[in-house]
Amino acid sequence: MAKPSFWNNTKRYYDLKSYWRNRFGCRVHKLPLDAGFTCPNRDGSAGTGGCIYCDSRGSALRQAGALPGVEEQLRRGKDFYRRRGRPEKFIAYFQTFTNTYAPVGTLRTRYDEALADEDVVGLSIGTRPDCLPDETLSLLESYAERSHVWLEFGLQSIHDRTLRAINRGHDAATFLDAVRRASGGRLMICVHVIVGLPGESRADILQTARVVAGLPVAGIKIHSLLALAGTLLGERYTRGEVSLMDQAGYVETVCDILELMPPEMVIQRLTAEGYREIFLAPAWAQHKLAVLGAIERELERRDSWQGKHYGGTA
Ligand code: SF4
């Protein structure tokens, strides 16, 4: 299969910037928000302690004192990003912790506040697959009828033994059921996966990728496992109990994953840097542009691109 022309880009994958430009005809930026929600994998409803790599502090904003409301965060965010890159429109990205973990009335208030901003063209809601009761799903579907709405599920791995090892507090079946329930309408689903989870081989990671590629999923976010101070993984890393992937292994694995994805899948992210103040390892992950450049070069070396092996067994 040749590289698709509808991407309208010079990359070897369908990146988010290109998708926004194709969809909205202008520069769009996802503006991260902290709406003050918590997480059921921390308060005991799904689990305690959280995922082993999760920074329990939430956003930097939450650490700084009283959390500003959604409207104020949008105002500040728009000013900040416009000074740097002049995007024309914004997607309100409810990012911190679990953004469907509240009564429907509270969720509606927060989402409405975001959509009231004239520069906001849609929502992106980050959540867990076990935190989507029917009435919340109906609420999200009602927004998707009149706006552009992404629902982002943290999955990380399709293997239950890995999900247990990282203390996700849900299994793969719960994820598959959430995708089934949320698909078929206008909601756009994005899935988060992590490369380099404890005990996973490359074959395990690619199995996760194949499953995601076969689902009604419109976008994917991929990043390497990061050890952060204040997390269980960070403690284990400091004690020398876990090793993290090197850049070459990460780049090769990401390219393998991209080759397996359908061509229309929007690649929302290929790296994560973590907060500098608590970052422990791997050091290479802090150099986002270098990692992205290495991925591009590896695809070039292979004469390959996203979707080249979609539906195949390579
Ligand atoms: S589900 Fe997300 S917010 Fe909750 S503990 Fe895991 S990584 Fe942290």
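Let's start with Gln156. Gln156 is buried, because 23 other C-beta atoms lie within 10 Å. Here are the cut-offs: buried takes 20 or more other C-beta atoms within 10 Å of a residue's own, exposed takes 12 or fewer, and partly exposed is in between, with C-beta atoms placed from the backbone. Gln156 is found in strand 4. Its phi is near 80 degrees, a positive value in a residue other than glycine.

Two quick notes. This is a predicted model, where local features need pLDDT of at least 70, side-chain atom pairs count only at pLDDT 80 or more, and totals for chains, interfaces and linings use all residues. Residues are numbered from 1 along each chain as its sequence is written. Helices (H or I, at least four residues) and strands (E, at least two) are DSSP runs, numbered from the N terminus.

Now compare another residue with positive phi. Asn8 has phi near 55 degrees, and Asn8 is not a glycine either. Buried or exposed? Asn8 is exposed, with 11 other C-beta atoms within 10 Å. Asn8 lies in the segment before helix 1, which covers 16–24.

Stay in that segment. Tyr14 is found there too, before helix 1. Tyr14 is buried, with 28 other C-beta atoms within 10 Å. What is Tyr14 in contact with, leaving aside neighbours within four places in sequence? The list is Trp7, Tyr19, Pro263, Met265, Val266, Ile267 and Gln306. Contact has a cut-off: the two C-beta atoms, placed from the backbone, lie within 7 Å. Tyr14 and Pro262 are 248 residues apart along the chain, yet their C-alpha atoms are separated by 9.9 Å.

Next, helix 4, residues 104–115. Leu107, Arg110, Tyr111 and Ala114 are buried in helix 4. Seen down the axis, these buried residues fall within an arc of 95 degrees, so they line one face of the helix. The arc is that of the directions from the helix axis to the C-beta atoms. An α-helix has 3.6 residues a turn, so residues three or four places apart point the same way. On the other side of helix 4, Gly105 and Asp112 are exposed. What do the buried residues of helix 4 pack against? They pack against strand 1 (28–33), helix 3, strand 2 (89–94), strand 3 (120–127) and helix 5.

Helix 7 next, residues 172–182. Its buried residues are Thr174, Phe175, Ala178, Val179 and Ala182. They cover an arc of only 135 degrees around the axis, which puts them on the same side of helix 7. The face turned away carries the exposed residues Ala173 and Arg180. The buried residues pack against helix 5 (134–146), strand 4 (148–156) and strand 5 (188–195). Just after helix 7, Gly184 takes a positive phi of about 100 degrees.

On to the core. The largest nonpolar core has 87 residues. Such a core is a set of buried Ala, Val, Leu, Ile, Met, Phe, Trp, Tyr and Cys residues joined through C-beta atoms within 7 Å. Those with the most contacts inside it are Tyr53, Ala92, Leu123, Ile220 and Val254. Helix 10, residues 247–260, gives the most to this core, with seven residues. Leaving aside neighbours within four places in sequence, Tyr53 is in contact with Ile166, Leu225, Leu226, Leu228, Thr231 and Leu233.

Now Ile295, in helix 11. Ile295 is buried, with 24 other C-beta atoms within 10 Å. Beyond four places in sequence, Ile295 is in contact with Val251, Val254, Cys255 and Leu270.

Then the ligand. Which residues are around the ligand? They are Cys39, Asn41, Arg42, Gly50, Cys51, Cys54, Phe97, Thr98, Arg128 and Gly154. The shell divides into four nonpolar, four polar and two charged residues. Ala, Val, Leu, Ile, Met, Phe, Trp, Tyr, Cys and Pro count as nonpolar, Asp, Glu, Lys and Arg as charged, and the others, Gly among them, as polar.

Last stop. A cis peptide bond joins Ala281 and Pro282, with omega about -5 degrees. Pro282 is found in the loop between strand 9 (279–281) and helix 11 (288–302).

Notes. Near = placed C-beta within 6 Å.
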